[in-house]
Amino acid sequence: MAMKAKEEKRGRLSRVLQKDFTPYLVFSIPLIFLVIFLVWPLLTTLVRAFLPAGRTFSLGPFSLANFERFSTSNLYQGSLRNSFIISFSVVFFTLLIGVPMGYFVARVKMPFKRLILSLGILPVIMPSFVGAFSWVLLLGRQGFARSYINMFLGMFGMELPSIYGLFGIIFTMTLTYYPFVFLLSYGAFEAVNPLLEEAAMLMGAKRKRILRTITLPLVIPSVGAGAILVFIRAMGNFGIPAMLGGDQYVLPTLIYFRVNGFWDINGASAIALVSVAITGGALLLQKFIISKREYETISASRSENELHSHPVIRIVATVYCGIILLVSLAPQITMFVMSFFTRWGSSGPEGFTLANYTRIPTIASRPILNSLFLATTASLLCAILGCLIAYITERRRPKGAIILDLAIMAPFILPGTVVSVALISGFGGDSWLPLTGTFAIILVAYVIRRTPYVFRSVVASLSQLDPTLEEASMIAGASWLYTFRRVSFPLILPGIISGTILTFATLLQELSTTILLYSSGTRTLPIQIWGAVADGKFGEASALSTLLVLVVFIVVYGMNRFLGQSISSSFKTG
Amino acid sequence: MSSSISYKDVKKTFTGSQVVHALKKVSFKIEPGELFCLLGPSGCGKTTLLRCTAGLESLTSGRIFYDETDVTTIPPFRRNIGMVFQSFALYPHMNVFENVAYGLRVRGVDESTVKSKVTQIMDLVGLPDVLERNPSPTALSGGQQQRVAVARALVYDPQILLLDEPLANLDAKLRRHMRAEIRRIQKITNVTTIFVTHDQEEAMAIGDRLAIMRDGLIEQIGSSDEIYHNPNNAFVSNFIGKMNFFSGQITSTQGERYTVKLGKEDYTMSFTPKVAPDVAVSEGDRVTVGFRPEHLKIKPVSTNGEMQGRVRIIQHLGQVIRYEVVIEEQGQERTIEIDMLGLVRGVGEGDLIAIEFPEQVGFLFAEGGED
């Protein structure tokens with residue numbers, strides 16, 4: 001009996017020694033990275049939220065003082081209230097705009113569909129704070145469009161509210177985020193199997209009834225997912241409320257205020273925790289209410305003659321989509337025009353000049369280089385990390401893969417300011433690894449926040465990859481590393497590339513994380529634009545924004561041409 | 001070069017959301033150069049056994065030997081084996097030549113040898129001219145992909161070739177052609193081969209020997225002839241060829257001759273059956289009696305004391321005509337199949353007929369266990 005046990009043990013030992021350890025060594029890299037740069041900062045944030053202001057990181061004495069401000073301070077209560085009002089209103093208005101638009105483009109026979117889909121995505125790829133300041137030019141106190149609108153509204157005894165404050169924030173955010181709802185509901189309306197609707201029609205249901213009883217219930221999961229995405233984005237957006245908030249604060253700007261105004265990391269941690277709780281709650285809501293109603297929609301191609309073709313519907317749909325696009329792209333157009341002028345007066349741009357562009361090399365070459373360096377390096381790191389973690393969770397399925405899954409996706413929902421606060425509290429001057437003020441901390445923030453893009457993209461490619469392709473390679477005598485190099489990697493490369501390019505494009509315009517982490521030496525292009533707007537140098541800000549938007553657009557468009565996808569599909573992952 | 005494969009008490013249990021005992025206790029040996037078929041219904045463990053043989057799954061307990069070498073813990077890429085997958089698993093990002101050359105290049109073989117070996121193996125599998133155009137494998141037909149997959153698995157002279165339902169993705173006619181091709185190639189290379197399939201006709205046609213599996217256990221091993229004529233139990237008898245079952249009770253035995261009471265109408269018959277090893281029969285025991293469709297005959301209804309049934313469907317299958325006959329047994333209807341060499345005059349669908357039992361053939365199995 002004892003001998004048998006011994007033999008068993010020896011067998012197990014030899015089994016362990018015969019294994020190929022390369023995968024374990026390779027996989028430990030992302031794990032260590034995640035523990036140091038994600039778990040540790042989040043833990044310190046959690047602890048510091050319960051420490052009184054001014055105390056450095058320690059395990060006690062704990063208090064709820066930081067949270068009590070939510071019941072005592074008007075500023076805190078106002079911020080929380082504003083965050084909720086804004087997020088819910090933005091969700092409401094994006095649904096109001098996006099769902100009909102998705103329906104029209106999917107179901108009505110109308111021209112320029114591809115163009116509408118491509119232009120529809122633009123507001124999401126553009127830096128949202130650029131949109132915000134353009135709206136100031138248009139609808140601000142001396143705004144170009146404001147007087148005309150007021151003239152029109154005046155007939156009904158109304159007046160356009162100030163662009164500074166809740167109205168402006170909700171207005172700008174709605175126009176920034178409606179593409180999520182539009183594209184997701186477009187996809188859902190497209191994907192509903194026409195046979196289901198035809199079946200209802202054969203059973204005698206009229207078009208309206210089919211829409212109500214068949215089509216809408218089938219698209220609700222996608223539309224709901226879009227709504228949650230918008231909610232989370234609206235909750236976490238820093239640029240728009242910072243630019244348009246005036247004296248109205250929201251949670252992200254409140255965090256900025258605590259850090260920049262008081263250097264109160266503990267207080268900021270508490271606010272961060274509250275905002276994480278809210279986004280977490282939103283996600284849970286999605287998981288338990290919406291994903292339960294997810295249906296398998298078997299896509300079948302929709303033939304032209306099933307589309308609405310009544311002329312009235314076609315005109316309404318085309319005009320509707322045209323107006324929405326025009327309004328949502330107005331800031332980009334304004335910005336472009338403004339970049340060639342010195343001032344924006346009440347009757348339009350004044351003083352044509354090219355100086356805004358010719359000055360760029362002298363005033364902004366450093367931030368541009370910084371942005372390019374940070375975005376490139378971070379994208380490559382994201383690619384490696386996202387690729388490895390996707391491979392582990394998809395192929396190895398180790399015990400606890402779900403934790404890894406959650407860990408990698410967590411920063412996806414964390415507002416940028418929250419990630420910054422976590423990194424400051426984990427790697428501040430008093431930490432074992434002081435990183436504040438360096439490029440490294442910005443890089444870490446970028447990598448942590450954007451790895452999910454690559455991760456998702458690679459997971460999608462891997463799930464399409466038949467595991468027997470890899471098994472066939474092992475059978476043929478190839479080790480894990482050889483198999484990965486020659487078989488797995490080349491086949492998932494398109495997924496890695498599209499995830500990485502998307503990451504690069506979004507990092508170039510990153511503001512909400514950088515704003516708390518940059519120092520004089522690590523200013524980025526968006527920070528420079530932000531500063532120019534704050535100083536009232538709209539011409540300079542417009543020229544820099546145009547440059548930024550141009551680069552982002554070229555990169556994304558180039559990728560889509562290269563990989564043969566449409567721009568809109570690369571944003572479906574969020 | 002080609003080696004034997006021995007399994008010693010091989011067990012494999014999948015733990016996960018639910019525990020599955022895929023292989024319960026499997027021990028047997030495959031001889032060098034043999035073309036061995038693993039046959040069984042889906043979920044019987046045949047693919048698991050193949051994957052364990054390849055090292056793609058680790059065993060829960062037990063040992064696997066190639067010749068005298070214990071390979072139980074050796075990872076697949078150190079085993080020198082070839083495998084053809086059901087999906088073929090050809091690499092879409094490589095052309096045909098690169099696909100076939102893969103295993104050679106992994107082994108660091110110099111390029112001139114790679115070239116000659118690939119050309120040689122493509123000749124053997126009957127695709128000599130595909131290398132001229134050398135397209136992506138996705139541009140090939142199913143049958144050609146199949147041949148490329150076989151070539152890729154054989155090009156580096158493996159000790160063992162494993163085929164996981166390799167014909168499942170082909171249409172019926174091509175399947176019959178390819179199974180002859182696989183047998184031809186296997187006999188030329190003489191590599192020990194395991195062929196997994198759920199198609200009994202395929203297994204009987206291709207295998208030197210076969211193993212019938214059920215629920216993680218091996219029910220019987222032997223040549224198709226042995227298994228067809230001497231099945232170990234009712235399940236095997238019905239899996240290799242069709243078997244009609246009747247429940248019965250032994251009323252008397254006399255040497256090798258048994259008298260059995262069958263069916264509801266207490267039809268009594270005596271015959272000299274093959275007695276399966278799983279049944280010890282004595283007077284009064286309940287048993288399952290089995291007859292192959294070609295053993296039974298249809299005759300017009302005449303006197304009492306015969307088993308009667310109603311013809312449900314008459315199928316013309318070419319060399320035989322199959323009568324599906326519904327009989328009643330213990331209050332339940334069941335269908336039996338009777339193959340006749342020609343049409344029985346005056347019998348049509350829906351007619352009542354009598355079944356004629358043979359006296360010299362038939363099988364006795366333990367009660368139950370037909371499926």
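Colleague: What percentage of the residues of chain B count as buried?

Modeller: This is a predicted model: local features need pLDDT of at least 70, side-chain atom pairs count only at pLDDT 80 or more, and totals for chains, interfaces and linings use all residues. Residues are numbered from 1 along each chain as its sequence is written, while chains are lettered from A and ligands numbered from 1 in the order in which they are written. A residue is buried if 20 or more other C-beta atoms lie within 10 Å of its own, exposed if 12 or fewer, and partly exposed in between, with C-beta atoms placed from the backbone. Of the 371 residues of chain B, the buried share is 42%.

Colleague: How many helices and how many strands does chain B have?

Modeller: Both are DSSP runs, numbered from the N terminus: helices are H or I with at least four residues, strands are E with at least two. The C-alpha trace of chain B spans about 80 × 45 × 40 Å along its principal axes. Within chain B there are nine helices and 21 strands.

Colleague: Which helix of chain A has the lowest confidence?

Modeller: Confidence here is pLDDT, the predictor's score for each residue, from 0 to 100. Chain A averages 82, and 90% of its residues score at least 70. The highest mean, 92, belongs to helix α4 (residues 74–107) of chain A. The lowest, 51, belongs to helix α1 (residues 2–18) of chain A.

Colleague: How many contacts does the stretch of residues 566–574 of chain A have beyond near neighbours in sequence?

Modeller: Two residues are in contact if their C-beta atoms, placed from the backbone, lie within 7 Å. Residues 296–300 of chain A have a pLDDT below 50 and nine contacts beyond near neighbours in sequence. Where pLDDT is low, the predicted coordinates should not be read in detail. Residues 566–574 of chain A also have a pLDDT below 50, and their number of such contacts is 22.

Colleague: Which element gives the most to the side of chain A that touches chain B?

Modeller: Contacts between the chains take 20 residues from chain A and 20 from chain B. On chain A, at least two residues each come from α1, α20 (467–475) and α21 (480–508). With six residues, the element that gives the most is α20(A).

Colleague: Which elements do the buried residues of α20(A) pack against?

Modeller: The buried residues are L469(A), E471(A), A472(A), S473(A), M474(A) and I475(A). Just after the helix, G477(A) has a positive phi of about 110°. The packing partners come from both chains: α21 of chain A, plus α1 (46–54) and β6 (81–84) of chain B.

Colleague: How many charged residues are on the side of domain 1 of chain A that touches domain 2 of chain A?

Modeller: Domain bounds come from an automatic or database assignment, which divides chain A into domain 1 (71–126 + 171–330) and domain 2 (366–567). Contacts join 23 residues of domain 1 of chain A to 23 residues of domain 2 of chain A. Ala, Val, Leu, Ile, Met, Phe, Trp, Tyr, Cys and Pro count as nonpolar, Asp, Glu, Lys and Arg as charged, and the others, Gly among them, as polar. The side on domain 1 of chain A has 17 nonpolar, six polar and, for charged residues, none.

Colleague: What distance separates the centres of domain 1 and domain 2 of chain B?

Modeller: Domain 1 of chain B covers 5–236, and domain 2 covers 237–366. The centres are taken over C-alpha atoms, and they are separated by 39 Å.
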